[in-house]
Amino acid sequence: MFTAMIRPYAKPFSSLKITRRNPIKENRKYSTENTKKVNVLQYCADRVKKHDKDNYLSGLLIKDNAKRQAFYVLRAWNLEIASIQDLAKDSNIALTRIEWWKSALESIFRNNPPKGLPIAEALAEAMILFKLNQGWLRRVIERREKDIRGEQIWKIEDLEAFAEDVSSSLLYQTLQINGTNDISADHAASHIGKALGIVTLLRGTPHHAQNKKNYLPISLLSKHGLSEESLFRGETTDPNSVQGKALHEVVYEVSSSAKIHLDKARSMTSSIPKEAIPILLPAAVADDYLKRLQKANFNVFDPDLTKENPIVAWTMW
């Protein structure tokens with residue numbers, strides 16, 4: 001329906017180069033004492049390409065070089081925040097890291113980012129160039145903090161709120177980078193963000209269960225005779241077991257919520273400015289997963305769901 005030329009990663013919108021100081025524990029290319037100067041913007045793009053391929057591909061649809069690079073900075077920052085819980089393991093360490101980033105954000109908003117952290121300095125520059133909304137960045141990090149503190153998902157509305165705070169906020173920010181200021185585009189981004197957020201959590205269910213983490217609404221688990229412990233013990237992995245079939249019912253209800261949001265966004269297509277369409281095309285990722293999930297009879301443990309679908313890229317392009 002919409003097409004866009006795919007351009008190679010271009011020159012950065014600044015010559016910003018950072019030497020890593022006071023390295024943190026994580027094994028990253030900018031976090032060792034012997035790290036040479038790196039191109040921060042290229043680093044951000046590479047990290048998104050490696051760990052968030054769907055958004056890397058969608059970023060290629062942004063024709064303007066500076067806007068595309070700012071988008072990758074934003075997504076690299078999101079990866080940084082999202083990975084805190086997995087990397088830290090201990091919640092107290094994770095919360096300390098979150099508090100550091102909350103303080104860093106305030107410094108970034110004052111155009112005084114902490115020195116030696118590439119993503120923070122690149123984000124500060126993007127803030128200046130594209131007047132990024134401080135509130136949306138705060139929403140993302142505050143939601144991650146609630147998650148680390150163990151705030152549970154009791155009902156489907158809680159899951160939607162989680163998706164809105166993270167995925168929708170990032171889409172709003174991308175529209176801001178794109179220079180799109182339109183109520184219809186924001187409304188569609190809200191629904192698409194909720195769908196993408198829900199799909200992301202559904203896709204992560206096997207990984208989350210292994211780490212004794214659950215994002216499926218507890219009320220739905222209870223409704224179908226399941227508990228979080230049955231999920232953590234692996235009792236739901238057999239699609240033919242009573243527990244497995246019960247989980248399929250839970251996943252069906254959750255995925256139906258994502259589908260409703262996608263359908264609402266589609267109904268608004270005619271009122272969305274053309275320049276906003278490429279920003280919202282990642283909806284194809286959610287749509288593809290939901291279709292494959294339905295084909296798998298709503299079994300989130302189906303191994304076929306972990307396979308990449310190259311056709312999705314073409315639906316975005």
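A cavity is a set of points, on a 1 Å grid over the protein atoms alone, where a 1.4 Å probe fits but cannot get out, and its lining residues have an atom within 4 Å of a point. This is a predicted model, in which local features need pLDDT of at least 70 and side-chain atom pairs count only at pLDDT 80 or more, while totals for chains, interfaces and linings use all residues. Residues are numbered from 1 along each chain as its sequence is written, and side-chain values use heavy atoms, with hydrogens and water left out.

**View 1. The second largest cavity is lined by R143, D147, E151, I153 and F162.**
Its volume is about 30 Å³, taken as the space filled by probe spheres set on grid points joined across faces, edges and corners. The lining has two nonpolar, no polar and three charged residues. Here Ala, Val, Leu, Ile, Met, Phe, Trp, Tyr, Cys and Pro count as nonpolar, Asp, Glu, Lys and Arg as charged, and the others, Gly among them, as polar.

**View 2. F162 and Y215 form an edge-to-face pair.**
Ring centres lie 5.6 Å apart and the planes meet at 70 degrees. Rings of Phe, Tyr and Trp (its six-membered ring) pair if their centres lie within 6.5 Å; planes under 30 degrees apart are stacked, over 60 edge-to-face, the rest tilted. F162 lies in helix 8 (residues 156–178) and Y215 in the loop between helix 10 (205–210) and helix 11 (218–223), so the pair ties together parts 53 residues apart in sequence. Helices are DSSP runs (H or I, at least four residues), numbered from the N terminus. F162 is buried at 5% relative accessibility, and Y215 is buried at 9%. Buried means under 20% relative accessible area (1.4 Å probe, protein chains only).

**View 3. Y56, F71 and Y72 form one aromatic cluster.**
The whole structure holds six aromatic pairs. In the pair of F71 and Y72, ring centres are 5.6 Å apart and planes are at 55 degrees, so the pair is tilted. F71 is buried at 4%; Y72 is buried at 0%.

**View 4. The largest cavity has a volume of about 40 Å³.**
Among its lining residues are F71, R75, L171 and P282. Helix 2 (53–59), helix 3 (65–82), helix 8 and helix 14 (277–280) each supply at least two lining residues. By class, the lining has six nonpolar, three polar and one charged residues.

**View 5. R97 lies over the face of W100.**
The distance to the ring centre is 5.0 Å. A charge sits over a ring if NZ of Lys or CZ of Arg is within 6 Å of the ring centre and within 35 degrees of the ring normal.

How values were computed. Buried < 20%, exposed > 50% of the residue type's maximum accessible area, 1.4 Å probe, protein only. 1 Å grid on protein atoms, 1.4 Å probe; cavity = no way out; pocket = protein on both sides within 12 Å on 5 of 7 lines; lining within 4 Å.
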